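Visitor: Hi, could you walk me through this one? I'd like to jump around a bit and ask as we go.

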Amino acid sequence: MVRIDFERVFEALSSPHMVVDRQLRYVAVNAAYERVTMRTREEMIGRHLFDLFPNEGESGRRLRSSFERVFATGEMDSLPYISYDIQRPEEQGGGMEQRYWSAVHTPLGDGEGNVAYVVQNTVDVTELVRLRQAAHLPFRFGEIKLLERAQEAERQHSALLEEAEDFRRLFQQAPGFIAVLSGPEHIFTFANDAYLRLIGGRAVLGKKVRDALPEVEGQGFFEMLDRVLATGQPTGGEAVRLFLQRAAGEEPRETFVDFSYDPIRDGAGQVTGIFVQGMDRTEAVKTQRRQRLLLDELNHRVKNTLATVQSIASQTMRSARDLESARADLEARIVALSKAHDLLSAQQWANTELTTLVRQELSVHDRDRVRVDGPWLLLDPKTSIALALVTHELSTNAAKYGALSSANGKVSVNWRLSERQPRDLQLVWTERDGPPVEAPRRRGFGSRMIERVVSGELGGTYEAEFSPQGFACRINIPLNA
Amino acid sequence: MQPNEMPGKFDGLRIFVVEDEALVAMNLEMILEDLGCTIIGPAMRFDRAEAMVGGELAADAAILDVNVGGHEVFPLAARLAEKGMPIIFATGYDQSGIPKEWHERPMLQKPYTSDDVARALAQALPGKRPGVPTGK
């Protein structure tokens, strides 16, 4: 079997060839290239193309963008006609030498689907151009025609390219995300700014989609791409959920996208790639979801509050002596509930502070006759509402039958926290200097409610004491239970 | 307004009540007493309800608040359903707050009336009469 040394083939090619890497540094040149550029390989290998052959003008820009296109798209690109002057070495007289070239740039993969190098085959067409200036020579006519055709082709190509550049810029800055995938392995050949934002700025160009976005494996998208390529049928979805790495080094995050995969066809109608476009809808979907949650929660609270009010109403009516006292009691109880809601609302329904809660309920009474004393303590919403209602009943009873029903009676509310863990709230309500009291024969709704709230709902204990000195009660409630 | 059900239909029924809000529980108790039922509980805290479900619970049906002090009641419902106990859910949410497997069960949406409770009981205990033991 014949084994060919391709390095020697490259070296022996009669046409000038060179290879540059992604930084446009020379990796290899052949002898023909050395001759045409009047440089040795030692001068060139490892050096930057534009350091050796600077060109700040239009030609330099065109050459650079041709290289960039090949690296970005993985597709061959050609410059049929380009004027590019190069510096003549000192030993050959120095100065700039006007040259005309025709170049073809071919991508060279790294074996993993990435464009690692570009091979340039360049032909010095200076002689042909000079011949054009001697157009009167009839026997050169054919060659001149050829050159004119090349120049015409280049002009058309440039116009097309400029148009393509405009589109590229539009796509690049479009608000929606756009990517172009090429071939059966879905190699990224284009990804706009919005797409890069979506995937956390990862370098994906030239990579297979499965390598570029490994976290998407198993979420059904690669299979959809395969199907679009196989069937030519477009597909997509709205507010589709996926987990995507949104920033370098981060865990994949829940993301929602509207997207479509549309087949790209070549001239023969064959599907060669996929046009990916869509919108990142994560924020919109999450906002919608938060609103839904808030509405559900609000509805739940309203319904529970209505159920509480309903219970207060029906039991107040049932236990009242007459309609007028029922109306007054009901009103006062609903207002107490409402004030507790105000306190909670002011703290985003997180908690209330016990001193504030007790003082608020007792605020209708003369300040000098009420003493409130206890450590600062935050209560959860449920305990807040429960204790507000309990305080309201105690305060109402004091005003109707107890110490606050006489001219000089006083109420003191003291509490402390138990030493042992888990802590208990130990609250003592004491009425003094009022009329003597005795236990009522029939327990009204108020005292039944206090009992129920404290022992049932709050899991604590309630002890009431009726004595000639006045009413007193002791409430113990486990906290964090 | 007269209840839709025959008076006395629910006499003597023992109803297990789980409801974490004292006032709502009091109202339900009052309604059930008016219907002639005996109340088992009410359990107002999850641990208490759990202990009662785990013990010798002699009840003909259960009315369960869906959310008991931040705990979902469904694990307890499953244990009661295993024993063949008819279950009624009470909730401030609509049906979307209840898992699909429970959608066949009667639901009381808060706030509910005495008629609503009677209807739910009739639905949970079709053809039931007091004193007839709950079979499987």
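Visitor: Where is the place of B:P111 in chain B?

Guide: B:P111 is in the loop between β7 (107–109) and α4 (114–124) of chain B. Keep in mind, as we go, that this is a predicted model.

Visitor: Is the peptide bond from B:K110 to B:P111 cis or trans?

Guide: That bond is cis, and its omega is near -10°.

Visitor: And what about the peptide bond from B:G41 to B:P42?

Guide: The bond from B:G41 to B:P42 is cis too, with omega near 0°. B:P42 belongs to strand β2 of chain B, which covers residues 38–43.

Visitor: Let's switch to chain A. Is strand β8 largely enclosed or open?

Guide: Strand β8 of chain A (residues 177–182) is largely enclosed by the rest of the structure, because five of its six residues are buried.

Visitor: Which strands does β8(A) pair with?

Guide: One partner is strand β12 of chain A (residues 271–280), in the antiparallel sense over six bridges. Another is strand β9 of chain A (residues 187–191), again antiparallel, over four bridges.

Visitor: How many residues sit between β8(A) and β9(A) in their hairpin?

Guide: Four residues lie between those two strands, and A:G183 in the turn has a positive phi of about 80°.

Visitor: What about the hairpin of β1(A) and β2(A), which residue takes a positive phi there?

Guide: That would be A:L24, with phi near 60°, in a hairpin that has four residues between the strands. A:L24 is not a glycine, and its place is the loop between β1 and β2 of chain A.

Visitor: Is A:L24 buried or exposed?

Guide: A:L24 counts as buried, because its relative accessibility is 7% and the cut-off for buried is under 20%.

Visitor: How do β1 and β2 of chain A pair?

Guide: Strand β1 (residues 17–21) and strand β2 (residues 26–29) of chain A pair in the antiparallel sense over three bridges. A:V20 stands opposite A:Y26 in β2(A). A:V29 is also found in strand β2 of chain A, and A:V29 is buried at a relative accessible area of 4%. The C-alpha atoms of A:V29 and A:I45 are 7.7 Å apart, with 16 residues separating the two along the chain.

Visitor: Which residue does A:E331 form a salt bridge with?

Guide: A:E331 pairs with A:R327, and their closest N and O atoms are 2.8 Å apart. Both residues lie in helix α12 of chain A (residues 323–346), four residues apart, about one turn of the helix. A:E331 is partly exposed at 44% relative accessibility, and A:R327 is partly exposed at 43%.

Visitor: Which residues are linked in a network of salt bridges?

Guide: A:R88, A:E97, A:R99 and A:D124 are linked that way.

Visitor: Last one, the surface. Which residues gather in a patch of negative charge?

Guide: A:E42, A:E43, A:E90 and A:E91 make up that patch on the surface. A:E90 is in the loop between β4 (86–87) and β5 (96–97) of chain A, and A:E90 counts as exposed at 66% relative accessibility.

Visitor: And which residues make the nonpolar surface patch of about 380 Å²?

Guide: A:I4, A:F6, A:V9 and A:L13 make that one. A:L13 lies in the loop between α1 (6–12) and β1 of chain A, and A:L13 is partly exposed, with a relative accessible area of 33%.

Key: Residues are numbered from 1 along each chain as its sequence is written. Chains are lettered from A and ligands numbered from 1 in the order in which they are written. This is a predicted model: local features need pLDDT of at least 70, side-chain atom pairs count only at pLDDT 80 or more; totals for chains, interfaces and linings use all residues. Side-chain values use heavy atoms; hydrogens and water are left out. Patches are made of residues with over 30% relative accessible area and no salt bridge: like charges are joined within 9 Å, nonpolar side chains (Val, Leu, Ile, Met, Phe, Trp, Tyr) within 5 Å. Accessible areas come from the Shrake-Rupley method with a 1.4 Å probe; for residues, only the protein chains shown count as cover. A salt bridge is a side-chain nitrogen of Lys or Arg within 4 Å of a carboxyl oxygen of Asp or Glu. Lys and Arg count as positive and Asp and Glu as negative; His and the chain ends are not counted. The place of a charge is taken as NZ of Lys, CZ of Arg, CG of Asp or CD of Glu. Buried means under 20% relative accessible area, exposed over 50%, partly exposed in between (1.4 Å probe, protein chains only). Two strands pair if DSSP finds at least two bridges between them.
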